[in-house]
Amino acid sequence: MTEMENPTATSTSDDLDPAQGLTGETLTLHVFKGEPGETGTEQAYEVPGVTGMVVLDAIHYIQRNLDTDLACRWNCKAAKCGSCSAEINGKPALLCKTRVDELPAGPITVRPLKAFPLVKDLVTDVSRNFEVNKEIPPFTPAKDDGKPWRVAQRDISRLREHRMCIECFLCQDVCHVLRDHDHSKRFYGPRFMVRVASLEMHPKDTLDRIDLTRKAGGMGYCNITKCCTEVCPEHIHITDNAIIPLKERYADRHWDPLRWVGRKLKGDGSKQAEGSK
Amino acid sequence: MAQLSPTAEVPGHAGVGGGVHRRREAPWWLLPLTVFLFLGAFIVYSFWTAMFQGFKADCALAAYHCGPYLSPFYSPQVGDTPLGHPFNSSAMWILPIPLLFRATCYYYRKAYYRSFFWDPPACAVGELRRREYHGETRFPGILNNLHRYFMYAATVVLVFLWIDAVEAFTYNGQWYLGLGTLLMVVNVILLTGYTFSCHSVRHLVGGGLNCFSKARLGAGRFRLWHWFSSLNEHHPSYAWLSLSSVALVDIYIRLLQHGVFIDPHITF
């Protein structure tokens, strides 16, 4: 009996449990294989379809039965660790959250994130994101703000959305400023606009990062095309609830003569926008 | 299960800024093309009606078949003289306000950057053309920061459109209810929805605050911000519906002026 006739015979993967029910369908995956400095290829594999199967299941099947050399980073398989980011049929997505039965018929193409340097096959080096993170001044409460803090729900509720980020960096990958224009030295990227927004809106934070975000962070490079929002697996409204509020805060400070007059009349020369720390 | 032979040679990982476009099943070009055609048609129509039809349209307002209706392109009535130059119409003076309001709108930026400038045409498909990108860091993109001022001006124009819609209920000293009246009311409601679902409005009513509890009128501003945030979720829908309704009302009134049909109405 060949694998094709009984595909579960050689599988020991818990990710492909026959009890879940084989669909009888054979899936074809075109998976990128390659390393830096060499010409990569799209390798075709046939995988038995299983009810409820996600693309990561198919990749695991390939690793354990067809190509043990295939490299793929993953961890939780629950769409919470953000490790298995890749591009499925040309669209950035989590391998573990993309069901194969929701994809169009035909071969499924799986490739690594385009915006980051390749390590091997589906694994990319996303470490530059952590370098960007270091440039952002962390949460800094007032030294004399006695604890325990009492924070009203209305002051903190909108930050919950920002905190849902799992740092999968799909938004960084799809952002055309980073992906196509290679402005990673000039633009923090959507994920870090979310981080800045969550810090700026925090009622207990005392620092001001608006000008930093505009200059070093390159906020002006974002032209609101909302691809980051489209691919976010946590459904964070990155553009509407992080980037646009930051742009409006910048406009408060530098593009609003009425507020400038108001600040002068109040004797506030610190250029602080209304409501800022 | 078989491992098949490599199906395609690809030029490496492409890397950052590479030109390889991924294979996609979805027709990514459909949405930008639709937006390009629809938005482009509206821009051409609005310039045509403002530049070449103003004199005729404004003077025809007194005509019977125009009834109590005033095209939203020509409201408020400024800069018109009965024997003036055709280009000196209300629309030529007023139209820049709503056009700039929409041109700097956060939603329309997405629409035209994708459809007209291909920056990018769709998500993860590549730029399709190579050039230096500055986004909104330089002129003219940086002028989008003036959005709130165009919003203020557009709100003033909106007041006049409400007055026009209310005045359309009376004609020749009688109460008047025609199809055009209803179209004008729907139009001004959609325009109000578009204006007040604006991201800048959401920011100004409370989004700019860090601590609602300590701000003046903080509780009220939080509720207001929450309400405007809900409205803001429908901003794209209002953007397209209001754009369509403005054109539709203008076309309707223009057809009445040309006697194509008579406005179905009741008077009382």
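Keep in mind as you click around that the model is predicted.

**Stop 1: the two domains of chain A**

Start by colouring chain A by domain: residues 3-124 are assigned to domain 1, and 127-274 to domain 2. Now select the residues where they touch: 17 residues from domain 1 of chain A and 16 from domain 2 of chain A are in the contact.

How much area is buried between domain 1 and domain 2 of chain A? About 1,300 Å², with carbon and sulfur atoms giving 52%.

**Stop 2: polar links between the domains**

Next, look for charged pairs. Three salt bridges cross between domain 1 and domain 2 of chain A. To see a salt bridge, select A:Lys114 and A:Asp180, whose closest N and O atoms sit 3.8 Å apart. Between the two domains of chain A there are also seven residue pairs in polar contact.

Switch to cartoon and find strands S3 (85-88) and S4 (91-94) of chain A: each supplies at least two residues to the face of domain 1 that touches domain 2. S4(A) gives the largest share of that face, four residues. Colour the domain 1 face by class and you'll have ten nonpolar, two polar and five charged residues.

**Stop 3: where chain A meets chain B**

Zoom out and bring in chain B. The contact takes 85 residues from chain A and 66 from chain B. Chains A and B bury about 6,500 Å² between them, 51% of it on carbon and sulfur atoms. On the chain A side, pick A:Lys114, A:Arg154 and A:Trp255, which lose the most area to chain B and together account for 12% of what chain A's side buries.

**Stop 4: links across the chains**

Six salt bridges span the interface of chains A and B. Select A:Glu248 and B:Arg148: their side chains meet in a salt bridge at 2.9 Å, N to O. The A-B interface also has 26 residue pairs in polar contact.

By class, that chain A side holds 35 nonpolar, 20 polar and 30 charged residues.

How values were computed:
Residues are numbered from 1 along each chain as its sequence is written. Chains are lettered from A and ligands numbered from 1 in the order in which they are written. This is a predicted model: local features need pLDDT of at least 70, side-chain atom pairs count only at pLDDT 80 or more; totals for chains, interfaces and linings use all residues. Side-chain values use heavy atoms; hydrogens and water are left out. Domain bounds come from an automatic or database domain assignment. Contact means heavy atoms within 4.5 Å. Buried area is the accessible area (1.4 Å probe) that two parts lose on being put together, summed over both. A salt bridge is a side-chain nitrogen of Lys or Arg within 4 Å of a carboxyl oxygen of Asp or Glu. A polar contact is a pair of N or O atoms within 3.5 Å; within protein, one must be able to donate a hydrogen and the other to accept it, and residues adjacent in sequence count only if both atoms are side-chain atoms. Ala, Val, Leu, Ile, Met, Phe, Trp, Tyr, Cys and Pro count as nonpolar, Asp, Glu, Lys and Arg as charged, and the others, Gly among them, as polar.
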